[in-house]
Amino acid sequence: MQDYKFITTSSPHIHSGESVSKIMYTVAGALLLPTAAGVYFFGIRALLLVITTSLACIITEALFQMLRGKKITIWDGSALVTGILLALNLPPGLPLWMAVVGSAVAISLGKQIYGGIGSNPFNPALIGRVFLMITFPVQMTKWINPVDGTTGATPLMLYKMQHVTTDYFNLLIGRTGGSLGETSAIMIIIGGLYLIYRGYVDFRTPLSYLATVAVLSFLLGRDPVLQLLSGGLMLGAFFMATDMVTSPISRLGKIIFGIGCGLFTVIIRFYGGYPEGVSFSILLMNAFTPIINRLTVPRIYGEVKAK
Amino acid sequence: MLKTFKGGIHPEYNKEYTNRKPVERAKLPSKVIIPMSQHVGAPCEPIVKVGDTVKVGQKIGEAKAPVSAPVHASVSGKVIAIEPRPHPSGALVMSVVIESDGKDEIYEGINPPKPLEELTPDEIKTIIREAGIVGMGGAGFPTQVKLSPPSGKTIDTIIVNGAECEPYLTSDHRLMVEHPEDVVFGLLAIMKATGVKKGYIGIENNKPDAIEAIKKAAKGFEGIEVVELDTKYPQGGEKQLINAITGREVPSGGLPMDVHVIVDNAGTCAAIAKALKTGMPLIERITTVTGTGVNEPKNLLIRIGTPFNEIIEQCGGFKGEVGKVIMGGPMMGLAQGLLDVPVIKGTSGILVLQKKDVNVEEPSNCIRCAKCVDACPIHLLPTTLAKFAQKGKWIEAEQYHAMDCIECGCCAYVCPAHIPLTQWIRLAKNNIVMSKKK
C-alpha cells in the first residue's frame, strides 16, 4: 500500500466538468437554428457562406498560431463560433472571397493580435463585419428578397426611407430581406433561451438591451415591435452582446452594458446615417467594458457593514 | 422558504455511499501517532517520556499557551517514540507514538463531572478546555477560546453547524441521526457557558432523517430552533451559515463574535456532551471513509492517532487506480502523499478518489465567462484576483479584497478553463500577509 504515488495538488479536488470547448460547441449548436432558417430562406448559397467563413476563421487561427510559434487551439471551438457568427451577419449573396477576407480580419485583427482567446477587447465577428461594411459597402448592402430571390431593401431600410412597415409575422419567422442569420427572430430567440438555460448566457444582457430599445422606441414614437424584430437586434442581443470575453463580468455591469447597447442602437437607427446600428453599438460598448468592470465591483460579503 | 446565502455551487453530493451506514467502531489500532498540534494555535508539549505506560484518556500533551488545546492518549499501552512525524497538514509535527497493549484500560482520573445544572459557566469552560476539545469541522479552533470572547464583545446567538455541505462526507449526518441528544446537550452546555438564550441548529435539507432526529431531541428545550437549510455548497461555511440563519454579515476581516454569534460544529457539541457526561476527553471521532477508490465506504468511530492505512484496510482497501487520498471533503480537504499520517481531531473524512475522478486538466486562457464571479459566496471577482496574482500585483489583489477569500474552492470548481483560481488567490493571500510582516 505504501508504494502508491498519490496526486497531491491542492483543493478543490473535483471539478464541474465544464470546459471552454463545451461552451463553444454548445454556442455553435445554438447558432445552427438561425443558420438553418437562413439556409431555408436564402438557399444553399447561404450554407456555402457559413462553411466558407467557418473554415476561413479556423485556418486563419491555425496559421496565426503557427507563425507565432504558439499552441494551436483551433479545436476549442471559438474560431468556429466566430466564423458562424460572421456569416450570420453577412448578406447571403456576398462574394465568397470577400467573406474569406472578412474572416481573416476577424480572427487576426479581432482576436489573435491581442493574444488569442480571452484577451481580445472587441467581438471578433463584429470586427470582421464592420471591416467588410467599410471596405465593400455596395456588396454589403445588397439584400436578397427571400420570397422571389430578387434584391431589395431590408425592413429597417424600408421604414427609414419610405415609412413602410413589414408584417410582424414575416419578421418573426424571418421571411424578409437581411443578413443571413439575422432575419429569423424566433430561431434566434429559441437558440438564445437554450443558452440561457444552459447557463452560458446571462439573461440580464439581452433583457436590458431589448428593453432599452423597446422603451426608447415607444417614447420616441416608433413601432417597438418592428424595432425589436428587425435588423440584427435579436442576434446581437442574444449572441453578440453576451460574448463572454468582451462583456462585463459583474451582474450590474451586464445590465449597464445592455442598456448602453440599446441606447447606441436607437441613436444610430433613428438619427444616424445607417439604417442599422447593432454592430457599432456592441463594439462601442465593448470599449466601455473595462471601465464598467472597474465601476461595478460587487459589494463583498461583510464590507462596511459592521455593527 | 429554505434559508440560504447568495452564490455557491451545486456539486454532485455523492453522499449515498455512506449516508445510510450506521457508525461502526473501528478496530483498536496496534499503535497510534498522536500529534502535539491538532488545532489552530500553539502546539502543546509532551508530558510523558518514552517507555511510560499510559491509559485511555490520560493527558499526554499539555497546552500552556492561551490559544491551544491539550491532547490525550487514545489507547492504553507504552510510549515508544516522541519525535516529529508526518501530519496530515503536510508538515512534520512532534508526536507521541503509543503502542497499544490491547487492554484498552481507562485512566483512573476519568470521572464524570457534576451534572450540567450544577456547573458554573467557568467550570464548563474548564472541562471543555481540559478535554482538549477543538472545532471538529476541520479548522480545529480550540472551543473553549471561542466560548470566552474578549470583554466588550457580547454574544446573543449560538449556531450549531450541522450543514455538512462538503460532498461525500456523512460523519456529522450519522452523528445527528444516531446521537441527536448529544448534539442538543452540547448546545445547551455552550448556551449555559456563555449565558446565551438563543441556539440554532442548521442542517441542509438533504438530511431529512437528521433534521427529524434533532427536532425530536430538541423538543421541549426553550430557545433551541432547528433550521432547515438549502442544500448548497458552502452552506456550512461559518459566514454563509450566519448569514443564512440570522441575516447578519460578519464584517470583512472580522469574526462571528463581531455579530454576536458563536458557531460550533455538531461533532464538537457531541464531544462536549461526552466530556460533560462521562469525563472522557476527546480521544475519538466519527470519520467518513469514502470515495470511488475505496472498496467498502463506511462511517467509522476512530481513535485519534490511528494511521490512515489501517483505516483504509478496514474499509476493504483501495479500489481501481487511486489518484488522490484526501483528508476532509473534495472541496477543501488536504491531499495526502503518505498513508502513515494519523487521524486527528479535525479528520471529518478520508476520501479516496480514483484517478479518473481527479481534476488534472491543463488550464487554458480565461474567457471571462464570470462563472467564478457568480459562484463566489463572498462576491469577490476570482478571475480578476487570479490575474493580479499571476502578475505579482499583491497591492491590487488586496484592494480587491483577496484577504476575504474563504478558500471554499467554488471558483476553481466551476472554471471552464480549469484555471486553479483558488490556488492563485491563496498565493496572493500569502504574499499579502508576508508583505505586512516585513
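# Reading the terms on chains A and B

Student: In which helix of chain A is Leu210(A) found?

Tutor: Leu210(A) belongs to helix 9 of chain A, which covers residues 204-219; helices (DSSP runs of H or I, at least four residues) and strands (runs of E, at least two) are numbered from the N terminus. The model is predicted: local features need pLDDT of at least 70, side-chain atom pairs count only at pLDDT 80 or more, and totals for chains, interfaces and linings use all residues. Residues are numbered from 1 along each chain as its sequence is written, chains are lettered from A and ligands numbered from 1 in the order in which they are written, and side-chain values use heavy atoms, leaving out hydrogens and water.

Student: Why is Leu210(A) called buried?

Tutor: Its relative accessibility is 14%, and buried means under 20% relative accessible area, with exposed over 50% and partly exposed in between (1.4 Å probe, protein chains only); Leu210(A) therefore counts as buried.

Student: Which residues beyond its sequence neighbours does Leu210(A) contact?

Tutor: With neighbours within four places in sequence set aside, Leu210(A) is in contact (heavy atoms within 4.5 Å) with Leu228(A), Leu233(A), Met234(A), Ala237(A) and Phe238(A). Thr242(A), 32 residues away in sequence, has its C-alpha atom 12 Å from that of Leu210(A).

Student: What does UniProt list as "transmembrane region" in chain A, and how helical is residues 226-245 in the model?

Tutor: The unreviewed UniProt entry lists residues 39-60, 72-90, 177-196, 226-245, 252-272 and 278-297 under that name, although such annotations may be inferred rather than shown by experiment. Residues 226-245 of chain A are 60% helix and 0% strand, with end C-alpha atoms 30 Å apart. For residues 39-60 of chain A, the figures are 95% helix, 0% strand and 25 Å between the end C-alpha atoms.

Student: Turning to chain B, how do you know that its radius of gyration agrees with a compact globule?

Tutor: The globule rule is 2.2 Å times the number of residues to the power 0.38, and the radius is taken over C-alpha atoms; for 438 residues a compact globule would have a radius of gyration near 22 Å, and chain B has 21 Å, so the two agree. Its C-alpha atoms fill a box of roughly 65 × 50 × 50 Å along the principal axes. Chain B has 13 helices and 17 strands, and buried residues make up 61% of its 438 residues. Among its contacts between residues at least 6 apart in sequence, 73% join residues at least 24 apart.

Student: What makes the "binding site" cysteines of chain B one spot?

Tutor: The unreviewed UniProt entry lists Cys376(B), Cys405(B), Cys408(B) and Cys411(B). They span 36 residues in sequence, but no two of their C-alpha atoms are more than 10.6 Å apart, so they gather at one spot.

Student: Why are Cys408(B) and Cys411(B) both called buried?

Tutor: Cys408(B), in the loop between helix 11 (394-399) and helix 12 (410-414) of chain B, has 6% relative accessibility and therefore counts as buried. Cys411(B), found in helix 12 of chain B, is buried because its relative accessible area is 9%. Apart from residues up to four places away in sequence, Cys408(B) touches Tyr233(B), Pro234(B), Met331(B), Met332(B) and Pro377(B), while the contacts of Cys411(B), with neighbours within four places left aside, are Cys372(B), Pro382(B), Leu421(B), Thr422(B) and Ile425(B).

Student: Why does Lys274(B) count as partly exposed?

Tutor: Lys274(B), in helix 7 (residues 266-278) of chain B, has 35% relative accessibility and therefore counts as partly exposed. Leaving aside neighbours within four places in sequence, Lys274(B) is in contact with Gly279(B), Met280(B) and Glu284(B).
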